[in-house]
Amino acid sequence: MKWGTYEGPADPAWPPYAQSTGTTHKMLAKIALTPKAKWFGPWLSPDEIASHVTDYIDNTTHGNPNVLVQMTFFDMQPWEREACTRLPTQAERVQYRTWIRRAAAAIGNTHTLIIQQPDGPVALCAPHGSHVYEQLLAWATKTLSALPNTTVYIEGGSADWLHGKVGREVSLLVRDGIAHARGFELGTTHFDSVKDQIAFGSRVVAGLARRGYPGRHFVVDTGDNGRPFTGSWYWQRHAPGSNFNNARRCKTRSETHCVTLGIPPTTDVANAEWGLPAWANRLARQHVDAYLWVSRPWITPVTEKFDMNYALRVVRTAAFPIPRY
């Protein structure tokens, strides 16, 4: 079905596009008019989430029930580094469940694709080996997947995050509720290559089948890995204290190991245009549902602040032509 595109202020790229003219307007259209997985997180309270989801759906579908809406849910608290130092309080657990219930109620019958909790492997650093994060994520995955037209992919990190440890990834996804999900997602917030994600993800699919969860698929975030590199490469070549999440954006199309737009969102995962090796195309046909834009290299990291310089850079140096959707 048609993938919807939101056209309003909830997308940080939309107002600059709408207000621009000339060449800048044409360049920003490559971002603003491309289907993306909008992030919803703790900056929206349980009292706010339903109305924001409803507004986003209404704007994206324009009332057409056959339009797919893509969303990223990121409301676990604490998360990232803080999740390694403390577990969620009872109040935070209640708030998370309330947030998810209200988001689910707002989705209703809408055709939606949900990326569930980017940076999923953070759960592995919970104090005392606790599985409370996975338990909450499994409940949320089951709740969202119970909706009639919603497909959930649990975010599983990236091939370079777990250093190819398939067993660890499989165990994490099982605890996260893969029994209730279509599959998992790889690549958000990392810049590793698509072929590495395909290789790792296909091994994870096989591992899940051995654990009693056959037929799982995955999607790959290609929003920022047009010139791929891994975390280890970045840290070895940058001064201590550098922010991996704010890695250098490409300045020219000839540069490598820098951040720029990758494969445009598509279900045509084995198209020769993507330049993937034959083995990767074969595995992609079997296991990969789509390439999606989940990461947002046109904003300042960790915030929703649009950065015009970043945006123009990643459009100018994009690894592939970006079609009109």
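These are my notebook entries on a predicted model of one protein chain.

**Ground rules.** I number residues from 1 along each chain as its sequence is written, and I use heavy atoms for side-chain values, leaving out hydrogens and water. Because the model is predicted, I take local features only at pLDDT of at least 70 and side-chain atom pairs only at pLDDT 80 or more, while totals for chains, interfaces and linings use all residues.

**Entry 1, whole chain.** I looked up the secondary structure and found 10 helices and eight strands; helices (H or I, at least four residues) and strands (E, at least two) are DSSP runs, numbered from the N terminus. The C-alpha atoms fill a box of roughly 50 × 40 × 40 Å along the principal axes.

Buried residues are 57% of the 325. Buried means under 20% relative accessible area, exposed over 50%, partly exposed in between (1.4 Å probe, protein chains only). I then took contacts (heavy atoms within 4.5 Å). Of those between residues at least 6 apart in sequence, 78% join residues at least 24 apart.

I found Ser-20 in the loop between helix 1 (14-19) and helix 2 (22-32). Ser-20 counts as buried because its relative accessibility is 13%. A polar atom of its side chain lies 2.8 Å from the backbone oxygen of Tyr-17. Leaving aside residues up to four places away in sequence, Ser-20 touches His-25 and Leu-28.

Which residues of helix 6 (residues 166-175) are buried? I listed Val-166, Glu-169, Val-170, Leu-172, Leu-173 and Val-174. Their cover includes helix 5 (132-145), strand 5 (150-155), strand 6 (183-186) and helix 7 (194-210). Just after helix 6, Gly-177 takes a positive phi of about 100°.

Is Gly-167 buried or partly exposed? Gly-167 is partly exposed, since its relative accessible area is 48%. I also checked Gly-167 against Leu-312: they are 145 residues apart in sequence and 40 Å apart in space, C-alpha to C-alpha.

Technical notes
A polar contact is a pair of N or O atoms within 3.5 Å; within protein, one must be able to donate a hydrogen and the other to accept it, and residues adjacent in sequence count only if both atoms are side-chain atoms.
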